[in-house]
Amino acid sequence: MRILVTGGAGFIGAAMSTYLADHHEQVIAFDNLHPQIHPDHQPTTGFDKRVELYEADVTDPAAWDTLLERFTPDVVVHLAAETGTGQSLTESTRHASVNVVGTTTMLDAFARHQVIPQRIVLASSRAVYGEGAWRHTSGEHAGELFYPGSRTVAMFEKEEWDFPEAEPVAMNAALVEPHPSSVYAVTKIAQEQLLRMWGDAFGCEIGIVRLQNVYGPGQTPSNPYTGIMSLFCRVAYNKQQISVYEDGLIRRDFIIIDDVARALIKMIEIEKCPGVSVDIGAGHYTTILEAAQIIAKIYGAPEPKITGQWRHGDVRHAWADPEPARELLGFEAEVDVEEGFTRLASWINTQTQYL
């Protein structure tokens with residue numbers, strides 16, 4: 001197939017590039033090499049040179065016209081996005097422009113050139129769930145799901161980290177409703193909805209994966225808005241003490257880039273896309289304290305310090321139910337966090353310019 005990957009020179013695109021070049025007729029990466037992701041103005045480590053790099057911005061209609069005059073993609077993998085959750089609050093116009101307007105600009109260009117891909121695969125995010133669903137553990141509603149919304153400043157100040165008499169549940173698109181709690185999350189659910197409406201109208205299959213916390217070799221160590229594990233590695237490398245927020249028991253689902261690339265490739269190549277968004281994660285959670293302890297042990301750094309600090313808007317718990325991905329895509333993560341963090345640390349150690 002002829003495959004177009006927006007944001008294709010970035011972290012995920014580079015990880016997919018060799019497989020796509022090996023197995024498909026033509027692959028083009030549409031990427032503007034944004035300096036926050038590409039400080040050296042080069043594709044991410046691992047980008048296969050057999051993939052053509054088309055340097056342009058997805059929000060530029062003229063760039064789309066130039067490309068589509070010579071290239072008709074069978075499959076589009078839509079990775080191009082601004083991804084800083086916290087940053088999106090103060091740079092909301094940029095996030096909305098790239099994520100929402102960039103998507104509609106792409107779709108308008110396809111319609112304008114009468115280029116209807118067979119399939120568009122979107123990399124969405126677990127952020128669309130916000131705080132997600134919780135289950136009452138006592139009282140007359142015991143066992144029932146509810147959506148508590150974001151934790152309040154009053155809760156943080158009292159160090160009430162969890163919602164009382166309740167437990168969180170794994171993220172599963174078939175059971176848990178989106179309740180975005182950041183500008184970034186709003187733009188990602190907008191992407192999902194725009195693509196589904198457009199695909200239905202034009203007869204284009206839409207495949208959507210909601211990714212958990214992606215990490216691994218190649219993730220820009222200098223980007224302060226993504227990659228908490230890269231940050232932990234840099235601190236531990238210098239034999240400093242990693243600071244852990246709240247009580248250290250925040251749950252996250254860390255999935256290595258290799259597994260994410262496999263999941264996306266499955267969505268590209270599956271005979272028919274699932275009709276629902278598919279959550280992609282390691283299938284189990286790791287607390288932030290556990291993650292910090294693993295990193296500290298790798299480097300022989302001091303035991304991490306629980307600070308009790310907090311950031312307004314941080315989600316307390318997030319991890320994916322692995323069953324839908326297993327059933328719908330035949331996907332299961334292969335790399336556990338101990339091995340994955342070791343791989344990340346080995347790569348970070350070579351990035352001396354950031355250490």
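**The second largest pocket and beyond**

Guide: The second largest pocket has a volume of about 200 Å³. This is a predicted model: local features need pLDDT of at least 70, side-chain atom pairs count only at pLDDT 80 or more, and totals for chains, interfaces and linings use all residues. Residues are numbered from 1 along each chain as its sequence is written, and side-chain values use heavy atoms, with hydrogens and water left out.

A pocket here is an open set of points on a 1 Å grid over the protein atoms alone, where a 1.4 Å probe fits, with protein on both sides within 12 Å along at least five of seven lines. Its volume is the space filled by probe spheres set on the points, which are joined across faces, edges and corners. Lining residues have an atom within 4 Å of a point. There are 15 of them in the second largest pocket. Asp40, Thr44, Thr45, Gln351 and Tyr354 lie nearest its centre. By class, the lining has six nonpolar, eight polar and one charged residues. Ala, Val, Leu, Ile, Met, Phe, Trp, Tyr, Cys and Pro count as nonpolar; Asp, Glu, Lys and Arg count as charged; the others, Gly among them, are polar.

Next, the aromatic rings. Rings of Phe, Tyr and Trp (its six-membered ring) pair if their centres lie within 6.5 Å; planes under 30 degrees apart are stacked, over 60 edge-to-face, and the rest tilted. By this rule there are 13 aromatic pairs. Phe30 and Tyr54 are edge-to-face, because their planes stand at 75°, with ring centres 5.2 Å apart. The pair links distant parts of the chain, 24 residues apart: Phe30 is in strand E2 (residues 26-31) and Tyr54 in strand E3 (residues 52-55). Helices (H or I, at least four residues) and strands (E, at least two) are DSSP runs, numbered from the N terminus. Phe30 is buried at a relative accessible area of 1%, and Tyr54 is buried at 13%. Buried means under 20%, exposed over 50%, and partly exposed in between (1.4 Å probe, protein chains only). Phe254 and Phe341 also form an edge-to-face pair, with centres 5.8 Å apart and planes at 75°. Phe254 lies in strand E13 (residues 254-256) and Phe341 in helix H11, so the pair ties together parts 87 residues apart in sequence. Both Phe254 and Phe341 are buried. One aromatic cluster takes in Phe30, Tyr54, Trp64, Phe110, Trp198 and Phe202.

Now His78, in strand E4 (residues 75-78). His78 counts as buried at 1% relative accessibility. Its side chain makes polar contacts with the side chains of Thr6 at 2.7 Å and Thr103 at 2.9 Å. A polar contact is a pair of N or O atoms within 3.5 Å; within protein, one must be able to donate a hydrogen and the other to accept it, and residues adjacent in sequence count only if both atoms are side-chain atoms.

Phe331 sits in the loop between helix H10 (323-329) and helix H11 (337-348). Phe331 is buried at 2% relative accessibility. Contact means heavy atoms within 4.5 Å. Beyond four places in sequence, Phe331 touches residues including Ile255, Arg262 and Ile280. Phe331 and Ile280 are 51 residues apart in sequence, yet 8.5 Å apart in space, C-alpha to C-alpha.

Last, the backbone. Most residues other than glycine have a negative phi. Lys239 has a positive phi of about 60°, in the loop between helix H7 (228-237) and strand E11 (243-244). Glu246 has a positive phi near 55°, in the loop between E11 and strand E12 (251-252). Lys239 is partly exposed at 47%, whereas Glu246 is buried at 2%.
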